[in-house]
Amino acid sequence: MSVFSVSNQKIDPSRRRASGLKPDGTADDNDRVEIGPTALAFAEWEAAGLTPPNLECMRQFRLDRLVAEIRKRDYAGLLCFDPLNIRYATDTTNMQLWTAHNFARACFVSADGYIVLWDFHNCDHLSAHTPLVREVRHGASFFYFESGERVEEHAAKFAAELDDLLRVHGGANRRLAVDKIETAGYAALQKLGVEIFEGQEVTELARVVKGPDEILAMRCAMHSCQAAVAEMQARMEPGITENDVWAELHAGNIRRGGEWIETRLLASGPRCNPWFQECGPRVIQQGELLAFDTDLIGTYGMCVDFSRTWMVGDFMPTNEQKDHYRVAHEHITANRELMVPGMTFEEMTLKAHRLPERFRNQRYSCLAHGVGLCDEYPAIRYPEDFEACGYGGALEPGMVMTVEAYIGADGGQVGVKLEDQLLITETGHENLTTYPFEERLLG
């Protein structure tokens, strides 16, 4: 029995798939190339009354969002090297962490929705499941490891292909949005007279509002992540290492068809303060706090980002531990209530719960931030940081946001991390995170 509650959403019989298909509409083929949730995940979702997404509809929704942002700015197209933007545009993956620092893949989306994917060599089969990819090419790998002293030559060849695509799909329009690119590629495009604009604006604003099937995918990913967190908590006991505990989250995520974890943010005892110490071989002790941030890329590539802090062992907390925990809990609880459509980012900064002064110096980097395929736009700042880092915008229905807090005093031995993930609705918000808080620390 899981230790966390789940949604009571019922399965819509009209969404059931014909034989030969999984509940999300993909091929029920044991030997298929496309990655996805496992039988364990589908069984847990069915038991919880969760409806899997229709991936065909989800993919089309995402492409429509991208095309709308491209057209709004009168660009001929969008060029992506970021593997998460490629995932958003095509719902294809290929060695996601490796290609995050070796730009071996690229994707062009024209203003009329025509998609060309440059994949790693001999990888055409990895996108065969989606008809949205109209062409698969090769030759986007012009980083130094791949090209050596031929970087400029290979970049020029790639840029020439891009130039041809712009002429076919954009005519005289030479305006191209680019998210990230090697410097040689940037120079080669400029040499051909291509006007380059900020592509991250296009992709972040497209990704910020989730469609109905993305929300279903997020609910499923959240359920699987929380099941893995429950396994992690069951493993936690005095005498084992931080790494032993963290490994359970990795294992639970992979068992259910999740993909990776972006950080190793788990710490215990005095290593909880200051925050951002990643887990290691430290042996956890009775009566300590253990804090973590999931930062997990789960099923369907959806990010699940929540934090909890637990007591280790059968032990009553100290007054200091309870004080820190209560402030963290009050902080995210109060800030949750501000997460409503129409709330501007600056307004939330001004109205948010104010941390006690003793905790302000070690405040977290933001009050709240977006979540989708990873931590995404927007980031809502603390008052101390707004002048330097704040920007405009407002919450709207379909956005998924986290509210979070880190509570730790300078030079202290105690640190608490809490975070919830929310869906902004037409009338307010829904807390997607149902994992319980530590009652001993709230008592």
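A residue counts as buried when its relative accessible area is under 20%. Keep that cut-off handy for this tour of a predicted model.

**Stop 1: a buried aspartate**

Select D420, which you'll find in strand β16 (residues 416–424). Its relative accessible area is 0%, so D420 is buried. Now show the side chains around it. D420 and R308 are joined, side chain to side chain, by a polar contact of 2.9 Å. Another polar contact, of 3.0 Å, links the side chains of D420 and N431.

**Stop 2: helix α2 and helix α9**

Next, colour α2 (residues 55–72) and α9 (residues 212–235). They pack at an angle of about 120 degrees, and their axes are 8 Å apart. The two helices are therefore oblique to each other, and their crossing is left-handed. To see who does the touching, pick C57, M58, F61 and R62 on α2, then D213, E214 and A217 on α9. Sorted by class, this contact has four nonpolar and three charged residues, and no polar ones.

**Stop 3: helix α2 again, now with α8**

Which hand does the crossing of α2 and α8 have? α2 passes α8 in a right-handed crossing. On the α2 side, select R65, L66, E69 and I70; they meet V202, T203, L205 and A206 of α8. The classes in this contact are five nonpolar, one polar and two charged.

**Stop 4**

Most peptide bonds are trans, and most residues other than glycine have a negative phi. Here are some spots that go the other way.

- Zoom in on N273 and P274: a cis peptide bond joins them, with omega about 0 degrees. P274 sits in the loop between β8 (266–268) and β9 (289–293).
- Stay in the loop between β8 and β9 and click F276. It isn't a glycine, yet its phi is positive, about 80 degrees. With a relative accessible area of 48%, F276 is partly exposed.
- Jump to Y377 and P378, also joined by a cis peptide bond with omega about 0 degrees. P378 belongs to strand β14 (residues 375–380).
- Finish at M95, in the loop between α3 (83–90) and α4 (96–101). Phi of M95 is positive, near 50 degrees, and at 40% relative accessibility M95 counts as partly exposed.

How values were computed:
Residues are numbered from 1 along each chain as its sequence is written. This is a predicted model: local features need pLDDT of at least 70, side-chain atom pairs count only at pLDDT 80 or more; totals for chains, interfaces and linings use all residues. Side-chain values use heavy atoms; hydrogens and water are left out. Axes are lines fitted to C-alpha atoms, for helices over the stretch in contact, and angles run from 0 to 180 degrees between N-to-C directions. Helices (H or I, at least four residues) and strands (E, at least two) are DSSP runs, numbered from the N terminus. Angles under 35 degrees count as roughly parallel, over 145 as roughly antiparallel, 65 to 115 as roughly perpendicular and the rest as oblique. A crossing is left-handed if the near helix is turned anticlockwise from the far one by less than a right angle, and right-handed if clockwise. Contact means heavy atoms within 4.5 Å. Ala, Val, Leu, Ile, Met, Phe, Trp, Tyr, Cys and Pro count as nonpolar, Asp, Glu, Lys and Arg as charged, and the others, Gly among them, as polar. Buried means under 20% relative accessible area, exposed over 50%, partly exposed in between (1.4 Å probe, protein chains only). A polar contact is a pair of N or O atoms within 3.5 Å; within protein, one must be able to donate a hydrogen and the other to accept it, and residues adjacent in sequence count only if both atoms are side-chain atoms.
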